[in-house]
Amino acid sequence: EQISSMPLLTMHNRQISWTPLLVLGYLFYLLLGAMVFQLLEKQAETHFRDQFQLEKLKFLQNYTCLDRQALEKFVQVLMEAWEKGVNPEGNSTNPSNWDFSNSFFFAGTVVTTIGYGNLSPSTVAGQIFCVFYALFGVPLNLAFLNQLGKGLNAHLLTLERWVQKPGRAQVHLAIFLTTGTLLFLVFPPLLFSYVEGWSYGEGFYFTFITLSTIGFGDYVVGTNPNKHYIPIYRSLTAIWIVFGLAWLALVFNVGADLMERFLQLKWHKSDVSLAEGATTKLEDEPEQPRIHIPS
């Protein structure tokens with residue numbers, strides 16, 4: 001009995017956690033993303049940079065009263081204006097970025113940690129208030145989304161029961177995913193395409209980047225100076241973002257839990273198969289004669 005239990009003890013001691021595999025997979029995923037983004041974007045960036053330099057040369061040739069230094073200074077002014085949230089296009093009659101609707105939208109991007117980056121406080125008082133507003137607002141937002149997620153999850157069976165008892169729970173989960181996908185990922189790009197003049201692909205890109213709180217800021221609703229938006233447009237968008245965040249966060253949690261279960265199950269099966277193989281090998285070996293040594 002002592003001899004037959006030794007391989008199992010050995011396999012238990014040699015059992016390796018799946019966490020290192022997850023770490024390696026995570027790093028590999030980052031490296032893969034870096035290589036793909038570099039392959040897709042670097043050449044286009046070089047093209048746009050060369051094109052921009054060519055446009056500046058053409059501008060200097062057409063307006064000989066300007067020199068390169070004056071042009072570079074004007075470009076710097078434009079960059080500073082953009083960083084302060086002022087769109088260089090249009091004129092001074094453009095609507096304010098800090099009316100109530102836009103301020104409400106900005107407050108939502110702060111507490112949800114989206115942070116588009118196209119608009120930020122420029123005064124010291126506004127910056128200090130933003131820090132403390134986020135300090136209390138982010139936990140409040142997390143508590144609100146958590147409670148909202150519980151409300152959404154109340155109409156579903158838990159993932160544990162879904163895994164153990166497939167059937168009706170799978171139907172409920174499919175309805176939940178399908179309805180949420182239509183409401184938050186499929187239909188909104190149609191509206192944004194109509195209002196903002198984007199393509200459907202650009203609208204879908206904005207939708208996912210926003211609801212996932214990535215928030216690059218390259219596409220933001222209600223910022224085109226050549227369009228006239230209804231006053232509550234951005235406020236309604238902020239409300240849509242809050243409910244979309246709760247839904248997508250729940251989807252991400254389900255995906256993360258399934259991924260962890262898959263990794264644990266796969267590694268557990270590997271360990272079990274190794275242990276069974278070692279046990280089978282011992283059973284196949286002929287029993288060795290026992291030598292009794294008198295005390």
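Author: Let us do so, bearing in mind that this is a predicted model. The buried residues of helix α4 are S101, N102, F105, F106, A107, T109, V110 and V111, each of them under the cut-off of 20% relative accessible area.

Reader: What makes the pair of Y205 and Y219 edge-to-face?

Author: Two rings pair if their centres lie within 6.5 Å, and planes over 60 degrees apart count as edge-to-face; the centres of Y205 and Y219 are 5.8 Å apart and their planes stand at 80 degrees, so the pair meets both conditions. This pair links distant parts of the chain, since Y205 is in helix α8 and Y219 is in the loop between α8 and α9, 14 residues apart.

Reader: Why are Y205 and Y219 called partly exposed?

Author: That name covers what falls between the 20% limit for buried and the 50% limit for exposed; Y205 has 30% relative accessibility and therefore counts as partly exposed, and Y219, at 24%, counts as partly exposed too.

Reader: Which aromatic cluster do these two rings belong to?

Author: Y205 and Y219 form one cluster with F105, Y116, F192, W198, F206 and W240, while the count of aromatic pairs comes to 15.

Reader: What is known of the second largest pocket, and which residues are closest to its centre?

Author: The second largest pocket has a volume of about 780 Å³, and of the 22 residues that line it, Y29, L30, F37, F208 and I214 are the closest to its centre. The elements giving two or more residues to this lining are α2 (19-62), α8 (200-211) and α9 (233-284), and α2 gives the most, with nine residues. By kind, the lining divides into 17 nonpolar, three polar and two charged residues.

Reader: Where does UniProt place the feature "transmembrane region"?

Author: The unreviewed UniProt entry places this feature at residues 21-40, 124-145, 171-191, 203-221 and 233-256. In the model, residues 171-191 are 100% helix, with end C-alpha atoms 29 Å apart, whereas residues 203-221 are 47% helix and 0% strand, with end C-alpha atoms 10 Å apart.

Terms used:
Residues are numbered from 1 along each chain as its sequence is written. This is a predicted model: local features need pLDDT of at least 70, side-chain atom pairs count only at pLDDT 80 or more; totals for chains, interfaces and linings use all residues. Side-chain values use heavy atoms; hydrogens and water are left out. UniProt positions are given in the numbering used here, feature names are shortened, and annotations may be inferred rather than shown by experiment. Helices (H or I, at least four residues) and strands (E, at least two) are DSSP runs, numbered from the N terminus. Buried means under 20% relative accessible area, exposed over 50%, partly exposed in between (1.4 Å probe, protein chains only). On a 1 Å grid over the protein atoms alone, a cavity is a set of points where a 1.4 Å probe fits but cannot get out, and a pocket is an open set with protein on both sides within 12 Å along at least five of seven lines; lining residues have an atom within 4 Å of a point. Grid points are joined across faces, edges and corners, and a volume is the space filled by probe spheres set on the points. Ala, Val, Leu, Ile, Met, Phe, Trp, Tyr, Cys and Pro count as nonpolar, Asp, Glu, Lys and Arg as charged, and the others, Gly among them, as polar. Rings of Phe, Tyr and Trp (its six-membered ring) pair if their centres lie within 6.5 Å; planes under 30 degrees apart count as stacked, over 60 as edge-to-face and the rest as tilted.
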